[in-house]
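Open the model in your viewer with the sequence panel alongside, and keep a selection tool ready. The stops below can be followed in order.

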Amino acid sequence: MANAQRWSGPSDLHLHSSRSDGTQPPAEVLSSAYEYGLRTVALTDHDTTAGWDEATGAAQALGMTLLPGMEFSTRYQGGSTHMLAYLFDPDHEGILAEREKIRADRLSRAERIVRNIRADYALDWEDVLAQRTEDASVGRPHIADAMIARGIVKSREEAFAGILHPRMGYIIPLYAPDPRDAVRLVAAAGGVSVIAHPAGRNRMLPMPIIEELIELGLGGFEIGHRENMPEGQRVLSALAEKHDLIVTGSSDYHGSGKPNLPGENTTTDKNVARIIAQATGTEPVYPD
């Protein structure tokens, strides 16, 4: 592994910035990760690569290694599955087309959700736009932050447990590709795909679909994540061993938007090396 000597752990491969639903700009995310002792990270904002350039500059300034990535929204039979994509070509036509479809629907969906909420609460679309940074992908966390600013709720947790919970009837499903299509696209773009928090409560894909994803080129599973359930972790760990898949552990850091802290779960050097070795779409950003 020629690249192994160019980077060092600890490694956290699931971090979000204000380019999607995190609360810090990409450079601050990397600074926070560095302060928590991390030396290799991946920026994986939802359905966007807009933070890659800023994160690259921060990584170089800090002497860190960056694996540019993205958290790809997918949907199977009405359920949401997030696919972490690492080191893919951000200019791949298929990736660009799907990202634009998701981004356009995300904006339209957010506006429709706000209209639904406005029927019962004093919330305007301008309140939501005020919460996003530049051209960040608008999502439910921005709506939650707008409700906090309006005094409707006190925290994101309260918003997601109440008004923004699907059972309340305000939420509209987000367009997203089938996970099988996402795995195909990431592979075609030279990237490595890893299912994010695959064993969360009520979130695990049916085993036949997981097996199909593996056949299509799925890279692995994010086993180390605070939302995963122990039984699901056991099943998926055994499946990863059977198929020689990559296993990662990550924080899913969102700044102050979630309690998750950088490095609370990490990925072994061996598995980081496997991601780097398998990817052909984009090079990691290494320390000078």
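The tour goes from the sheet to a helix lying on it, then to the cores, a helix pair and some backbone details.

This is a predicted model, in which local features need pLDDT of at least 70 and side-chain atom pairs count only at pLDDT 80 or more, while totals for chains, interfaces and linings use all residues. Residues are numbered from 1 along each chain as its sequence is written, and side-chain values use heavy atoms, with hydrogens and water left out.

**The sheet**

Begin by colouring the strands, which, like the helices, are DSSP runs numbered from the N terminus (E, at least two residues, for strands; H or I, at least four, for helices). They form an open sheet of 7 strands in the order β1-β2-β3-β4-β5-β6-β7, with mixed pairing, where two strands pair if DSSP finds at least two bridges between them. At the edges stand β1 (11-15) and β7 (246-249), each with a single partner strand, so one side of each has no neighbour in the sheet.

Select β4 next: 6 of its 8 residues are buried, so β4 is largely enclosed by the rest of the structure; buried means under 20% relative accessible area, exposed over 50%, and partly exposed in between, with a 1.4 Å probe and protein chains only. β3 and β4 run antiparallel and are joined by 8 bridges, and Ser73 stands opposite His82 in β4. On the other pairing, 4 bridges join β4 to β5, again antiparallel, and Leu84 has Val194 in β5 as its bridge partner.

**The helix across the strands**

Now show α7, which lies across β3, β4 and β5 and runs at about 150° to β3; axes are lines fitted to C-alpha atoms, for helices over the stretch in contact, and angles run from 0 to 180 degrees between N-to-C directions. Its buried residues are Pro179, Arg180, Ala182, Val183, Leu185 and Val186, and what covers them includes β3, β4, α3, β5 and α8. At the start of α7, a side-chain oxygen of Asp178 comes to within 2.8 Å of the backbone nitrogen of Arg180, and just after the helix Gly190 takes a positive phi of about 75°.

**The cores**

Which residues touch the most other members of the largest nonpolar core? Select Phe72, Leu218 and Phe221, which do so among its 29 residues; a nonpolar core is a set of buried Ala, Val, Leu, Ile, Met, Phe, Trp, Tyr and Cys residues joined through side-chain atoms within 4.5 Å. Apart from this core lies another, of 19 residues, among them Ala110, Val128, Ile143 and Ala144.

**A helix pair**

Move to α1 (residues 26-35) and α2 (residues 52-62), which pack at an angle of about 35° with their axes 8 Å apart. In contact here (heavy atoms within 4.5 Å) are residues of α1 including Leu30 and Tyr34, which meet a set in α2 that includes Ala58 and Leu62.

**Backbone details**

Finally, inspect the peptide bond from Gly9 to Pro10, which is cis, with omega near 0°; Pro10 is found in the segment before β1. Two residues other than glycine have a positive phi: is each one buried or exposed? Gln77, with phi near 45°, is in the loop between β3 and β4 and is exposed, with a relative accessible area of 71%. Asp252, with phi near 65°, is in the loop between β7 and α10 and counts as buried at 2% relative accessibility.

Notes. A polar contact is a pair of N or O atoms within 3.5 Å; within protein, one must be able to donate a hydrogen and the other to accept it, and residues adjacent in sequence count only if both atoms are side-chain atoms.
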